[in-house]
Structures are given as structure tokens and as C-alpha cells.
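Q: Can you walk me through this one? Start with the words I need.

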Amino acid sequence: QVQLVESGGGLVLPGASLRLSCAASGRTFSSYSMGWFRQGPGKEREFVAAITWSGRDTGYADSVKGRFTISRDNAKNTLYLQMNSLKPEDTAVYYCAADRERYRSYRVFMEPTLDAYWGQGTQVTVSS
């Protein structure tokens, strides 16, 4: 059974940085593309970033491009999201997602029909 456990959230000041982690277990991590999503207060869940199974290709939402970096360590079965220059509008619960099929493009995480495994989320609050 696939398990995804996020960590690294917290309360930070505007302009600060945080790194989120997602520890995966239950299958061969390196065969599956991964993504990050978030859901702010009163908002629908939205795509943040995704990375292919190999780590070679990535994609980002326009709202985080240039500030967030997604990466993975296949040897540690861990996905990361480095978040810099955080803004109050980045406040949300951040979720890790794993593709259900092997070797697909990161672009599947941008599709409304995405069917993925999900973590329980980690809260990120950006406030002065």
C-alpha cells in the first residue's frame, strides 16, 4: 500500500523560506512521477509543482514559478518542495501526490482527471 507522509510545514514571516518533504513507501518510488498541490482557506485544491519519475523534467504553477523548486531523491524515497520568498497568499495545506501509473510525464498532474495517491497534508502559514 502506498503511503505518503509530508513534513516541514510551519508558521513563517513573509519573505522566509521553508522546505517541505514527502516520504514515500509501499512501492518503487523511482518509477512514478510526483507532485505538490495546495489548498488555501476557502479555496479549491490547486496544482503547485510536479516532477517526472527520473527527476529530469519539472513543471510549476505560474504563481510559484521562480520561487519554488521541486526535487526528489530516489535513493531516499523522498520528494521535496523548496519554497523561497514566501507570501501570505502561499498560506495553505500542502499535499504530496503520487501518480498511479509508472513512467508518465509530470504533466499528468496538471490534468483535471488526475487520479493519484495523496498524503495527509502539512500546514504552511505565512503571516507577519
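A: Ala, Val, Leu, Ile, Met, Phe, Trp, Tyr, Cys and Pro count as nonpolar, Asp, Glu, Lys and Arg as charged, and the others, Gly among them, as polar. This is a predicted model: local features need pLDDT of at least 70, side-chain atom pairs count only at pLDDT 80 or more, and totals for chains, interfaces and linings use all residues. Residues are numbered from 1 along each chain as its sequence is written, and side-chain values use heavy atoms, with hydrogens and water left out.

Q: By class, what lines the largest cavity?
A: Seven nonpolar residues, one polar and one charged. Val2, Arg27 and Tyr32 are among the lining residues, which have an atom within 4 Å of a cavity point, on a 1 Å grid over the protein atoms alone where a 1.4 Å probe fits but cannot get out.

Q: What volume does the largest cavity have?
A: About 60 Å³, counted as the space filled by probe spheres set on the points, joined across faces, edges and corners.

Q: New topic. How many helices and strands?
A: Zero helices and 11 strands. Helices (H or I, at least four residues) and strands (E, at least two) are DSSP runs, numbered from the N terminus.

Q: What are the spans along the principal axes?
A: The C-alpha trace spans about 40 × 30 × 25 Å.

Q: And what does Leu81 touch?
A: Its contacts (heavy atoms within 4.5 Å) include Leu18, Trp36, Phe68 and Tyr94, not counting residues up to four places away in sequence.

Terms used. On a 1 Å grid over the protein atoms alone, a cavity is a set of points where a 1.4 Å probe fits but cannot get out, and a pocket is an open set with protein on both sides within 12 Å along at least five of seven lines; lining residues have an atom within 4 Å of a point.
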